[in-house]
Amino acid sequence: MSVLITGGLGHVGSWVAYQLAKQGKQVIICDMAAGHFDRLGLDYLEEVRDKLVLEAVDVLDYHSMFELFRRHQDELEGVIHGVSVIAGPTFQQRPFKNISINAMGTLNVLEICRILGINKVVNMSSGAVYGDAPGPQSEATPYKATDLYGATKVAGELYGLQYSDTYGMDVRNARLFFVYGPGKRPSHMHMVYQGLFGPLEGLDDIQAPNGAEQALDWTHVHDTAAGIVKLFQKDSVVQRNFNISSGVSVDHLQIVEHVAEITGKRANVKLGPGPFVVRGAPLDISLAQQELGFTPRFTDIREGIRDYWQWLKSNAN
Ligand SMILES: NC(=O)c1ccc[n+]([C@@H]2O[C@H](COP(=O)([O-])OP(=O)(O)OC[C@H]3O[C@@H](n4cnc5c(N)ncnc54)[C@H](O)[C@@H]3O)[C@@H](O)[C@H]2O)c1
């Protein structure tokens with residue numbers, strides 16, 4: 001049997017694909033970037049390339065998506081949906097397009113699965129559904145969107161829950177939080193991410209507009225992906241929303257210090273005052289620990305930073 005992953009060449013999706021492929025699963029990756037896989041530098045996916053089917057498709061192109069899902073329908077165990085425009089300072093610059101990709105894209109996936117009888121869907125959601133509620137937020141914390149991105153993630157979750165209730169589907173929401181690690185280069189990310197992790201890639205003189213007064217629940221991408229795989233593979237669940245994160249908040253200025261200690265070099269990093277995004281932290285991950293057996297490995301961020309640094313050094317080009 002196969003698992004279809006939308007956004008399977010993204011930071012999180014690529015590691016979910018890797019972990020499933022390492023288990024021997026066939027993975028169908030549907031991602032707009034599939035046409036230039038060779039240029040993405042995802043060395044770990046090269047390792048499992050024989051287990052992957054790559055399909056280039058736009059999640060907003062309903063008809064192409066439908067044809068593609070139908071071609072693979074008989075072999076599918078289920079779908080993991082990971083296409084999204086992620087949170088960040090540029091999200092609000094193109095609201096219609098970004099909201100469409102996140103909300104309409106999720107609806108397209110759910111609707112195609114409903115029509116084709118593909119029952120199981122794991123939707124990559126976000127701790128952004130709690131807005132600025134103070135941490136630790138449990139899954140019982142009410143929805144609160146404090147930005148447009150958060151609104152799209154609330155919408156996607158609610159579509160999924162209603163498709164479950166109305167059509168008897170099994171849709172589960174994985175609420176992820178602030179992912180870092182191998183597969184994404186700091187130089188390709190926003191300025192706060194560059195300020196925190198950029199020196200691992202040799203970046204220097206980084207001036208981020210904000211982020212100094214914040215502690216967030218940064219999660220190593222291996223742990224994020226492992227939580228999603230566990231949620232997908234759990235036979236049945238009583239709850240349908242699960243926090244998947246490290247469960248530990250770390251002060252941003254502390255991360256800058258850790259990076260300087262680990263690399264043995266102090267880069268010139270300035271984070272401006274105030275928070276980067278308005279979120280509480282950490283997420284309470286006890287439900288995922290108890291129900292899914294989720295045990296994040298990188299709860300000491302220094303180990304996660306070391307692992308990230310190794311990957312960046314061995315993929316310098
Ligand atoms: N990265 C984080 O810190 C974080 C935190 C919380 C939640 N999440 C959620 O996790 C999921 C995955 O995030 P990520 O960090 O891997 O994102 P990413 O940006 O790395 O990956 C998204 C992937 O989707 C593909 N894509 C974008 N638009 C598309 C379209 N219209 N059609 C088809 N493919 C398209 C991109 O090519 C990319 O490979 C998202 O739902 C995101 O909201 C991420």
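This report describes the nonpolar cores, the ligand surroundings and several individual residues of the structure above.

## Basis of the model

The model is predicted: local features need pLDDT of at least 70, side-chain atom pairs count only at pLDDT 80 or more, and totals for chains, interfaces and linings use all residues. Residues are numbered from 1 along each chain as its sequence is written, and side-chain values use heavy atoms, with hydrogens and water left out.

## The nonpolar cores

A nonpolar core is a set of buried Ala, Val, Leu, Ile, Met, Phe, Trp, Tyr and Cys residues joined through side-chain atoms within 4.5 Å. Buried means under 20% relative accessible area, exposed means over 50%, and partly exposed lies in between (1.4 Å probe, protein chains only). The largest nonpolar core has 77 residues, and those touching the most other members are Val16, Leu45, Ile80, Phe197, Trp218, Ile228 and Ile255. Helix 1 (residues 11-22) gives this core its largest share, seven residues. Helices (H or I, at least four residues) and strands (E, at least two) are DSSP runs, numbered from the N terminus.

A second, separate core holds 23 residues, among them Leu68, Val83, Ile101 and Val171. As for isoleucine 228, its contacts (heavy atoms within 4.5 Å) beyond four places in sequence are Val12, Val16, Ile80, Val122, Met124, Ala174 and Leu176.

## The surroundings of the ligand

The ligand is surrounded by 25 residues, of which Val12, Asp31, Val59, Tyr149 and Lys184 are the closest. The shell divides into 14 nonpolar, seven polar and four charged residues. In this division, Ala, Val, Leu, Ile, Met, Phe, Trp, Tyr, Cys and Pro count as nonpolar, Asp, Glu, Lys and Arg as charged, and the others, Gly among them, as polar.

A polar backbone atom of histidine 11 is 2.8 Å from an oxygen atom of the ligand. From the side chains, aspartate 58 places a polar atom 2.9 Å from a ligand nitrogen, and serine 84 places a polar atom 3.2 Å from a ligand oxygen. Such a polar contact is a pair of N or O atoms within 3.5 Å; within protein, one must be able to donate a hydrogen and the other to accept it, and residues adjacent in sequence count only if both atoms are side-chain atoms. On its own the ligand has 840 Å² of accessible area, and the protein covers 87% of this; accessible areas come from the Shrake-Rupley method with a 1.4 Å probe, and for residues only the protein chains shown count as cover. Two or more residues of the shell come from each of helix 1, strand 5 (120-126) and helix 5 (148-167). Strand 5 supplies the largest share, three residues.

Serine 126 is found in strand 5. This serine counts as buried because its relative accessible area is 7%. Not counting residues up to four places away in sequence, serine 126 touches Tyr149, Lys153, Ala174, Arg175 and Leu176. The side chain of serine 126 also reaches the backbone nitrogen of alanine 128 at 2.8 Å.

Glutamate 139 is placed in the loop between strand 5 and helix 5. Its relative accessibility is 17%, so glutamate 139 counts as buried. The side chain of glutamate 139 reaches the backbone nitrogen of asparagine 243 at 2.7 Å. Beyond four places in sequence, the contacts of glutamate 139 include Tyr130, Arg175, Asn241 and Leu287. Glutamate 139 and leucine 287 are 148 residues apart in sequence, yet their C-alpha atoms are 8.1 Å apart in space.

Asparagine 98 lies in helix 4 (residues 95-116) and counts as buried, at 7% relative accessibility. Its contacts beyond four places in sequence are Val85, Thr90 and Phe91. Histidine 252 belongs to helix 8 (residues 252-263) and is buried, at 0% relative accessibility. Among its contacts beyond four places in sequence are Val192, Leu196, Trp218 and Leu271.

Glutamate 291 is located in helix 9 (residues 286-292). At 33% relative accessibility, glutamate 291 counts as partly exposed. Beyond four places in sequence, glutamate 291 is in contact with Lys234 and Phe242. The C-alpha atoms of glutamate 291 and glutamate 201 are separated by 37 Å, with the two residues 90 apart along the chain.

How values were computed. A residue is near a molecule or strand if one of its heavy atoms lies within 4 Å of it.
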